[in-house]
Amino acid sequence: MMNQETATEPIRTPSPQNALDDLRQKYLRCQKLLEATTDYTYTVHYKDGQPAETLHAPRSFAITGYTPEEYEKNPFLWYEMIHEKDRERVMAYLDRLMSGSPIPPLEHRIIHKNSSLRWVRNTTVPCFTEGGTLLGYDALVTDITEQKIAREKIAKANRAYKTLSLCNQSLVRSTTEQSLLESICHILVDQGGYALAWVGYARQDEERTVRIAAKAGKDLQFLGELRICWAATKECGQKPAGEAIRTGKTVINNNTFTAPYGETWKETALRYGYLSSIALPLFLEEKVLGSLNIYAEEIEAFTVDEVQLLSELSEDLSYGILALRTKTKHAKSATALAASETRLKCIFDTVQTGILLIDQETRTILDANMAAAGLIGIPPKKIIGHTCHQFICPAEKEQCPILDLGQQIDNSERILRTANGEEMPILKSVVQLELNGRQYLLESFLDISKRVQDEKERLALQGQLRQAQKMEAIGTMAGGIAHDFNNTLQAILGYGGLLVHSLPKEGESYGFALAITEAGKAAAELVRQILTFSRQTEVEKKPLRPQYLVKEVLKLLRRTLPSTIELRESIGLSCSQIMADASHIHQIVMNLGTNAYHAVRSQGGIIAVKLDELEVDEELIKELPEVRPGRYMRLTVSDNGCGMDNVTMQRIFEPYFTTKNIGEGTGLGLAIVHGIITSYNGAIHVQSGLGEGTTFTLFFPIVEELARQEVVKAVLPLPRLHGQVLFVDDVEFNVALGKHILKRLGCDVVALSDSREALDHFCADPEKFDLVITDQTMPYFTGFELAKKMLAIRPNLPIIMVTGHSEIVNEEQAKSIGIQKFLLKPMDIATISKAMEEILCSVPACLTKEM
């Protein structure tokens, strides 16, 4: 405020000359004041709407590096020094100035004469005519470079802090690693103002390549043009990202023009306008995972403060990646655990092994699976709460092998008591385990009923195998005995036959001779029975009358029975034929007879065997549905022994079932009998009771026969033969016997005991002999080999082969090479003479009969 004295003081009006001087003084003071400031002014005069003159103050040099004279010399210098990116904006500003619109101060960039970048503020005051025509304008240019840098630094710092804040929020909110990486890249570009941001992960392949995991910004094709790796020995590994991954250190490039990262990378970066870059390593559990890479479009874009903030960001990103991976791993573990629990529950409920979970302290069952419930026979809920000993019998009464006997694990066979009172053999295993700090017993068990039965069958099979091996040994022994014994019997029958044909029929000696031959035949039949029993004869079903076979087997059986057992037989000799194999009849009678023997052996008793015929009627068919109306042969074997109960009777035909002690039977005898009678379309009936004995009745279908011929025993006269015969046998007394018989028949004979000598004798004159008779089993050459050699020399040579027993050659094989007759020892004179007669004489006129 002015004081009163000043307010009342009169106003003095200066003279025109004084006013002019005062104005001049003020102008000079303004000029000096402007020259003293850091700003400079310039004036632009317009004529006819176009700039006509520009006057720059001397201070222009301080701001632009150009003198007023240089501006005067080059009228377009003011335009050329404007930054090319700001020229369009400046020209628009001038257009508004010329239109008379109000204009604020304009800030823009210029290029200093020394090529540095400056920021200036251009404040313009236009001068118009009363008609609104622009006469010119005065402008004040202020250098605001430092202010601008300061403001940008503050804005950049604020932007950096905001970027870091947003990135931290993303770290908290992201649920997946990929979404986190993409969010960070977008924040750096959208909020941080960077031109490009991307994350690369280091691969552990042979080339050590870098996989781009996420990216954001402009010109993303820049990444597609680069081959990035982190190998130290390759050019692709020399780029900022590769170096950061390889060294684990931050790599800063604040001037791409001078960057030492290879010409390819430099040229590509400059082409896309990336003048600065930074690569920050990302770590995962102290190992380099990859790098966070940021690119800017200005030089010196990454200051110390900004690098520190970005380093913190890379550390936070590394932690975020680790946290998400840990979370994912935990989630997968939780999912896997839940799936594992589901699988274990499924296995627990579906496994065929019974499982019980038992509380170790109370010894009560806490859980039971469906298999355990099925084996015990009650639902799991009814099993829970009981002690395991209520279902599984312990080895020691009420003692647990783990808790009471100190065992670490128990694997043993036990008995399971089922709900219906049955006992089941099981294989039980018990182990200790801890669940959630509590001790339990896990008891598992398997039904081994089948295994126990299989073990019984295995033992029975072993017994069967031993029996088969015994029978094989007996068969081998029987074959050897049969050969030697038949040779001996041959001598008995042969010499006995010579006596029969030499002695007068009225004499007592003739009867003795007949008795000798009959005894020899009986002995030969006994040998045949032994061979049949030991399976040395082939099985062949043919029509036969079984009565004679049954009597033979009973003779054999009678020899094995002690005197305390009586064998009674009632064999109908008029029984008709059945279709059967002799060895099967032997088996049936022997097996049934042996079973009867075992039933009565302890106390003695009676075994009765009966063979007869009957007509099957409807009443019998009701009892035995297997038979059909018609005539059957009936074989009955009974004993008055211990008998059987109904349970045993229901199983007697099962293979391997036996009530005998170990070593006394295989459990196959009755199964074999049942199989044979079934294959014959017959039937078997069993009647028994404890203490009442047992009766087996077998029914065989009778086959029709053409005629029944009675066997007439008579001694027929020998034929009178003529011919030269070669007789070969390695047994000397058979050689002598053969010589006597052949001479008795009227033949000339050469009898030899050496097959080599016989072959030499034949080769000396092959046409000499009308017949060759050779034994099969001989040293040097067998009869089969000797015959082949002789037939090779003389193919039509008549040969008769004889053998006591041979497993090598049978009749079919002998005849296949040209042998005409195949005879078995022992044989009587009638048999050999009949065979010779068929070969040597084709008509009766060539022989004569004698007594």
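Visitor: What makes Trp-78, Tyr-79 and Met-91 a nonpolar surface patch?
Guide: Patches take residues with over 30% relative accessible area and no salt bridge, joining nonpolar side chains (Val, Leu, Ile, Met, Phe, Trp, Tyr) within 5 Å and like charges within 9 Å. Met-91 has a relative accessible area of 32%, so Met-91 passes the 30% cut-off. The patch covers about 240 Å². Areas come from the Shrake-Rupley method with a 1.4 Å probe; for residues, only the protein chains shown count as cover.

Visitor: What kind of model is this?
Guide: It is a predicted model: local features need pLDDT of at least 70, side-chain atom pairs need pLDDT 80 or more, and totals for chains, interfaces and linings use all residues. Residues are numbered from 1 along each chain as its sequence is written, and side-chain values use heavy atoms, without hydrogens and water.

Visitor: Where does Met-91 lie, and why is it called partly exposed?
Guide: Met-91 is in helix 6, residues 87–99. Helices (H or I, at least four residues) and strands (E, at least two) are DSSP runs numbered from the N terminus. Buried means under 20% relative accessible area, exposed over 50%, and partly exposed in between (1.4 Å probe, protein chains only). At 32%, Met-91 is therefore partly exposed.

Visitor: Which residues form the negative patch, and what makes them negative?
Guide: They are Glu-615, Asp-617, Glu-618, Glu-619 and Glu-623. Asp and Glu count as negative, Lys and Arg as positive; His and the chain ends are not counted. Each charge is placed at CG of Asp, CD of Glu, NZ of Lys or CZ of Arg. Helix 19 (residues 618–623) gives the largest share, three residues.

Visitor: Is Glu-618 buried or exposed?
Guide: Exposed: its relative accessible area is 54%, and the cut-off is over 50%. Glu-618 sits in helix 19.

Visitor: Why is Thr-636 called buried?
Guide: Its relative accessibility is 16%. The limit is under 20%, so the label follows. Thr-636 lies in strand 21, residues 630–639. Leaving aside neighbours within four places in sequence, its contacts (heavy atoms within 4.5 Å) are Ala-608, Val-609, Lys-610, Thr-695, Phe-696 and Thr-697.

Visitor: How do you know that Arg-438 and Asp-359 meet in a salt bridge?
Guide: The test is a side-chain nitrogen of Lys or Arg within 4 Å of a carboxyl oxygen of Asp or Glu. Here N to O is 2.6 Å, so the pair qualifies. Arg-438 lies in strand 16 (residues 438–447) and Asp-359 in strand 11 (residues 354–359), so the bridge ties together parts 79 residues apart in sequence. Arg-438 is partly exposed at 42%, whereas Asp-359 is buried at 2%.

Visitor: What does the pair Lys-825 and Asp-775 tie together?
Guide: Their side chains form a salt bridge, 3.3 Å from N to O. Lys-825 lies in the loop between strand 29 (821–824) and helix 26 (829–840), and Asp-775 in strand 27 (residues 771–775), so the pair links parts 50 residues apart in sequence. Both residues are buried.

Visitor: What separates Glu-838 and Lys-834 within helix 26?
Guide: About one helical turn, because they are four residues apart in that helix. Their closest N and O atoms are 2.7 Å apart, in a salt bridge.

Visitor: How many salt bridges does the structure hold?
Guide: It holds 29. Glu-107, Arg-121, Lys-148 and Arg-151 are linked in a network of them.
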